[in-house]
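Subject: Structure for you to look at

Hello,

I am handing over a structure that you have not seen before. Please open it first and then read the notes below it.

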Amino acid sequence: NKDYESALSYIESLSYLSPKIKQAYQRITYQKGTEYFNGKKFESAVTLFKRSLKYPENNLLEKDANYWIAEAYSFENNYNSAIPFYTKAILKGSDLAKYGLAYAHYNQKDYAKAGAGFQSFINAYAPEINKSYLNDALMRAGDCFFVSKEYDRAIIYYEKSKQGGGKNLEYIYYQSGVVYRYNGDQNKAIASFEQLVKE
């Protein structure tokens, strides 16, 4: 009946928890955490997800709980707290956590780690992940190389992101133009800016 608190109170009152009861506890706390997360009550979500990790009977739920804890911290701009949980989710097999971890480093302006993280996500990308993540990761990898003044590498990633389309084409045309200009290729720079105006 989704009366999660009563179920948890009952389980926590037991003197002995069988593996099956531990699985139930893990699932109930995870589901309640998901409710809080979807309601943008991130602090409460973190508390419940951490409770679900108390009995990590199900590997998939353990992976997902770590990922959503990291996401909740990221939504609150608490990247130092998010990073260890993204890392744990990655160790459990979450490719999407690689994207989140890269963004955590990106938002901290640690572009070397962010660039490596986006590359790791790009290399591990599988079709079941929404393609918008891939296009965004390609663009952000380009940004990281741009900041590092690795202009040739930045262009490669901007071009790949451009081929994927998406909502950031204007930004990519602009960035490509700037990178081509810094790289001394005025014709390609002009072509990118003209495409930006056209689009």
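This is a predicted model: local features need pLDDT of at least 70, side-chain atom pairs count only at pLDDT 80 or more; totals for chains, interfaces and linings use all residues.

Residues are numbered from 1 along each chain as its sequence is written, and side-chain values use heavy atoms, with hydrogens and water left out.

Salt bridges

Side chains of opposite charge can pair when their charged atoms come close. A salt bridge here is a side-chain nitrogen of Lys or Arg within 4 Å of a carboxyl oxygen of Asp or Glu. The structure has 7 salt bridges. One of them joins E12 to R51, with 2.7 Å between the closest N and O atoms. E12 belongs to helix α1 (residues 4–13) and R51 to helix α3 (residues 42–52), so this pair ties together parts that are 39 residues apart in sequence. Helices (H or I, at least four residues) and strands (E, at least two) are DSSP runs, numbered from the N terminus.

For accessibility, buried means under 20% relative accessible area, exposed means over 50%, and partly exposed is in between (1.4 Å probe, protein chains only). E12 is partly exposed at 45% relative accessibility, and R51 is partly exposed at 23%.

Another salt bridge is formed by K32 and E35, at 3.6 Å from N to O. Both residues lie in helix α2 (residues 19–38), 3 residues apart, or about one turn of the helix. K32 is buried at 15% relative accessibility, whereas E35 is partly exposed at 38%. K32 also lies over the face of Y36, 5.0 Å from the ring centre. That wording requires NZ of Lys or CZ of Arg to be within 6 Å of the ring centre and within 35 degrees of the ring normal.

E159 and K162 form a salt bridge too, at 3.0 Å from N to O. They are 3 residues apart in helix α9 (residues 151–164), about one helical turn. E159 is partly exposed, with a relative accessible area of 22%, and K162 is buried, with 19%.

Aromatic rings

Rings of Phe, Tyr and Trp (its six-membered ring) pair if their centres lie within 6.5 Å; planes under 30 degrees apart count as stacked, over 60 as edge-to-face and the rest as tilted. The count is 23 aromatic pairs. Among them is the edge-to-face pair of Y103 and F118, with 5.3 Å from centre to centre and 90° between the planes. This pair links distant parts of the chain, 15 residues apart: Y103 is in helix α6 (residues 96–107) and F118 in helix α7 (residues 111–124). Y103 and F118 are both buried.

Y174 and F193 make a tilted pair, with centres 5.9 Å apart and 50° between the planes. Y174 is in helix α10 (residues 169–182) and F193 in helix α11 (residues 186–198), so the pair ties together parts 19 residues apart in sequence. Y174 is partly exposed at 42% relative accessible area, and F193 is partly exposed at 27%.

Ring pairs also link a cluster made of Y99, Y103, Y106, Y111, F118, F121, Y125 and Y133. Elsewhere, R140 lies over the face of Y171, at 5.8 Å from the ring centre.

The largest pocket

The largest share, 6 residues, comes from α6.

By class, the lining has 9 nonpolar, 4 polar and 1 charged residues. Ala, Val, Leu, Ile, Met, Phe, Trp, Tyr, Cys and Pro count as nonpolar, Asp, Glu, Lys and Arg as charged, and the others, Gly among them, as polar.

A loop residue

K167 sits in the loop between α9 and α10. K167 is exposed, with a relative accessible area of 79%. K167 and N135 are 32 residues apart in sequence and 9.4 Å apart in space, C-alpha to C-alpha.

Regards
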